[in-house]
Amino acid sequence: MKKILTVAAVAMLLIACNSENKKADVQEAQALDFATLEASPGEFENQTIRVSGMVLHVCKHGGQKMFLTTDSTEASLMVRVGPSIPEFEVTLEGSNVEVTGKLVATVVSSTGEEHDGEGDASAASSEPADCPTEEALKAVGEGEECTTSVTYHIEATSFKEIL
Amino acid sequence: MFFGMAIVYGVSGIALNHHIARHWNPSLVERSEQVPDVTPVPRQEVTKEYVMQILEVTGEMDNYKQYYFPNDLSLMIYLDKGHITVDLETGETHLVKIRNRKVFREMNFLHYNKPKQLWTYFADLFGLSMVILAITGLFMVRGKKGIRGQGAVLLAIGIIVPLAFLLIYLWT
């Protein structure tokens with residue numbers, strides 16, 4: 001019995017440590033409005049940011065992705081669950097949320113192939129294609145038209161509903 | 001010790017098989033019903049009052065969150081556990097209610113390893129125990145029904161069937 005209690009105590013400690021990390025992430029995150037992020041997402045690539053918006057859609061097959069938008073734009077931003085979030089509940093649709101997480105870039109070629117091994121990123125907000133891949137640079141060098149684009153999504157470490 | 005785990009993985013395994021086959025969504029129940037059409041208006045003329053009228057007709061006033069235009073011809077009214085879609089050209093209106101499917105949702109939550117962290121290791125332990133069970137199970141029965149008799153045939157079937165499916169659907 002003592003052994004079981006010891007294991008349980010260690011488990012609780014691990015979980016508690018994890019929630020401390022989440023709090024630290026929220027404090028360190030740079031708060032951005034949707035328009036700033038939409039205008040120049042490349043500036044914030046791989047940075048921990050905090051952004052708010054309305055949940056437009058939650059993927060119903062697993063709840064691993066959701067899409068945010070605001071009144072001021074027609075673009076949407078994809079948010080994926082990070083390691084500390086089990087899922088996004090479908091009941092979040094239509095709610096306003098504040099998401100904290102890392103902004104991650106995904107390079108998509110004209111054939112729809114993604115270069116980071118991630119899933120669908122087509123609905124994420126994007127900036128004009130700047131051909132950052134070696135394949136694209138080679139294609140330009142050979143006189144072919146550059147057809148890659150970069151899309152961005154947030155890998156969320158935490159989120160909360162706001163009014 | 002792993003009774004609960006075997007039930008969780010067995011039942012949700014069947015549920016997820018049919019989820020992947022697009023027979024159903026084992027985690028959610030989604031019901032869509034057509035409600036009386038509303039007066040069609042252009043997007044520019046949609047007001048909070050117009051939305052409130054729709055909520056009153058559908059009896060969803062208490063569940064209202066906010067509204068949004070997916071495009072110029074449709075209106076989406078978000079509700080607590082659902083939404084209303086309005087075709088602004090025709091006035092055709094649908095009410096969609098969504099709720100979690102009890103028991104299956106919980107089982108799938110674990111099967112998909114959504115808790116992550118410690119659950120990963122506990123589930124690994126269960127997986128490992130299944131491997132040990134499979135290997136030691138080969139030698140549990142002795143004699144004609146054992147691995148040197150009837151058991152060998154059953155073992156061969158258990159290996160050939162998945163290989164046959166791979167051959168048909170993946171390797172050709």
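User: Val103(B) is found in the loop between strand 5 (93–100) and helix 3 of chain B. Why does Val103(B) count as exposed?

Analyst: Happy to walk through it, with the reminder that this is a predicted model. Val103(B) has 12 C-beta neighbours inside 10 Å, so it counts as exposed.

User: What is the phi of Val103(B)?

Analyst: The phi of Val103(B) is positive, about 70 degrees, although this residue is not a glycine.

User: What about Asn63(B): why does it get the label partly exposed?

Analyst: Asn63(B) has 18 other C-beta atoms within 10 Å, and a residue needs 20 or more to be buried. With 18, Asn63(B) is therefore partly exposed. You will find Asn63(B) in the loop between helix 2 (48–58) and strand 2 (64–71) of chain B.

User: Which residues is Asn63(B) in contact with, leaving aside its neighbours within four places in sequence?

Analyst: Those partners are Leu79(B) and Asp80(B). Asp80(B) is 17 residues away from Asn63(B) in sequence, yet their C-alpha atoms are 5.0 Å apart in space.

User: Let's turn to helix 3. How do you know that the buried residues of helix 3 of chain B are on the same side?

Analyst: Helix 3 spans residues 104–111 of chain B, and its buried residues are Phe104(B), Met107(B) and Asn108(B). They cover an arc of only 95 degrees around the axis, so they are on the same side of helix 3 of chain B.

User: What do the buried residues of helix 3 of chain B pack against?

Analyst: They pack against helix 1 (3–20) of chain B.

User: Which residue with a positive phi follows helix 3 of chain B?

Analyst: That is Asn113(B), with a phi near 55 degrees.

User: Zooming out, what makes chain B more spread out than a compact globule?

Analyst: Chain B has five helices and five strands, in the order α-β-α-β-β-β-β-α-α-α along the sequence. For its 172 residues the globule rule gives 16 Å, but the radius of gyration is 26 Å, well over that value, so chain B is more spread out than a compact globule. Its C-alpha atoms fill a box of roughly 80 × 40 × 25 Å along the principal axes. As for burial, 13% of the 172 residues count as buried.

User: Now chain A. What makes strand 5 and strand 7 of chain A a pair?

Analyst: Two strands pair when at least two bridges are found between them. Strand 5 (residues 96–108) and strand 7 of chain A share 13 bridges, in the antiparallel sense. Val97(A), for one, stands opposite Glu161(A) in strand 7 of chain A.

User: How many bridges join strand 4 to strand 7 of chain A?

Analyst: Four bridges join strand 4 (residues 77–81) to strand 7 (residues 149–162), and these two run parallel. The bridge partner of Met78(A) in strand 7 of chain A is His153(A).

User: Why should I be careful with residues 116–132 of chain A?

Analyst: Their pLDDT stays under 50, although the model has 42 contacts for them beyond four places in sequence. Where pLDDT is low, the predicted coordinates should not be read in detail. Chain A averages a pLDDT of 76, with 61% of its residues scoring at least 70. For chain B the mean is 93, and 100% of its residues reach 70 or more.

Conventions: Residues numbered from 1 in each chain as written. Chains lettered and ligands numbered in written order. Predicted model: local features only at pLDDT ≥ 70, side-chain atom pairs only at ≥ 80, totals over all residues. pLDDT = per-residue confidence, 0-100. Contact = placed C-beta atoms within 7 Å. Arc of directions from axis to C-beta. Rg over C-alpha atoms; globule rule 2.2 N^0.38 Å.
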